[in-house]
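Please look at the sequence and the model before reading on.

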Amino acid sequence: MTSPQHTRRRFCAAALGAALLPRLASVQAATRERRAQLTLAGPGAVVSYPLMHMAATGALADYTDKLRFRLWQTPDQLRTLLVNRDVEFSAAPSTLPALLHNRGMPVRLLNISVWGILWLVSRSPDVKTFADLAGRELVAPFQRDLPAVLLDTLLQAQADKGLAPVTLRRTRDGQDAIALMLSGQAESVLLVEPMASLLLWRAQQAGGMALHRGQSLEAAWRGSFPEQPSLPQAGVMAGAGVADDTALCRAVDAAYAASARWCAANPEACADLVREHLPHLPAPAVVTAIRGTRLDSRSARDARPELEALYRLLAGRFPQAIGGELPPVGFYGP
């Protein structure tokens, strides 16, 4: 039986512990590593919009005195930024951090937020799906990045089923592809958002030029690879200088998820924010792109089964896309 003295001692200890909790939290906050500046980076695609919101709202105020966002134009540019440690966190296609990790750079994938972002647009009403492209030409403004790998994999799967091959016409970038479509020099194009919405908006402004949004690559992918229907295309990665800072990586992951929810719920306000970084994009096109993108942030640990399924498929067909092998368990964070 517990004595009154023991009960009083236990109560006093509990009260003392409760009283110390706020002081303990303040000590932990005081000893938390603060950085003079943290740089978030990303391409001009929807995956970057939550990062822009994080920078605008000072989402990591407990960790840094200054949070900023910067654009990058190509994966090669991002590699340079990461090697030079000019950025700490970046939006990236899901294959890039795997490739860098397998090449010896200790980066970590924090989350996957974009599961659908590539759209077929055509001048022909007969081209509604990727199967309809059989025997036709498709403009593709992708070279060695993830969209190019996914497109090549999908078209090869269609050819294996006996469909006529698709002739790919590679362009330097999305703007070149849009120019070909608007000038009537191309029939069909595959574009990443917001470029698909920008093309449709420009066609409308040009007098209602008849262009049609067709199938998304993700929908076609589900038909060709039913055993791996989800397509984890892009998310946020941590650079070598911060990948081992678990608390910071968790804070970035949580802040990004909150900002992604805000962007999805407030497309017009998000578009206004995006145009501060990308003033050439018309707001209606950005709003359409946000609404048409599956923006759903999940931690890389939770998305690991879908990521490994994609990595295995690519390792068998395009091993150079991920550096030849699956990353280790520790790669999936935070």
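## A pair of strands

P93 has A234 of β10 as its bridge partner. The two strands involved are β3 (residues 89-93) and β10 (residues 234-238), which pair in the antiparallel sense over 5 bridges. Strands count as paired if DSSP finds at least two bridges between them. Strands themselves are DSSP runs of E with at least two residues, and helices are runs of H or I with at least four residues, both numbered from the N terminus.

The model is predicted, so local features need pLDDT of at least 70 and side-chain atom pairs count only at pLDDT 80 or more, while totals for chains, interfaces and linings use all residues. Residues are numbered from 1 along each chain as its sequence is written, and side-chain values use heavy atoms, with hydrogens and water left out.

## The open sheet

β3 and β10 belong to an open sheet of 6 strands with mixed pairing, in the order β2-β1-β3-β10-β4-β11. β2 (67-71) and β11 (295-299) stand at the edges; each has a single partner strand, so one side of each lacks a neighbour in the sheet. In a regular strand the side chains alternate between the two faces of the sheet.

## A β-α-β unit

Strand β6 (residues 137-140) runs parallel to strand β7 (residues 167-170), and 4 bridges join them. In this pair, A140 stands opposite R170. Together with helix α5, the two strands make a right-handed β-α-β unit; right-handed means that, with the strands pointing away from the viewer, the path from the first strand over the helix to the second runs clockwise.

Leaving aside neighbours within four places in sequence, T153 is in contact (heavy atoms within 4.5 Å) with W221, F225, L313, L314, R317 and F318.

α5 packs against helix α12 (residues 304-317) at an angle of about 70°, with the axes 11 Å apart. Axes are lines fitted to C-alpha atoms, for helices over the stretch in contact, and angles run from 0 to 180 degrees between N-to-C directions. On the α5 side the contact is made by L146, V149, L150, T153, Q156 and D160, and on the α12 side by L310, L313, L314 and R317.

## The whole chain

The protein chain has 12 helices and 11 strands. Of its 334 residues, 50% count as buried.

Key:
Buried < 20%, exposed > 50% of the residue type's maximum accessible area, 1.4 Å probe, protein only.
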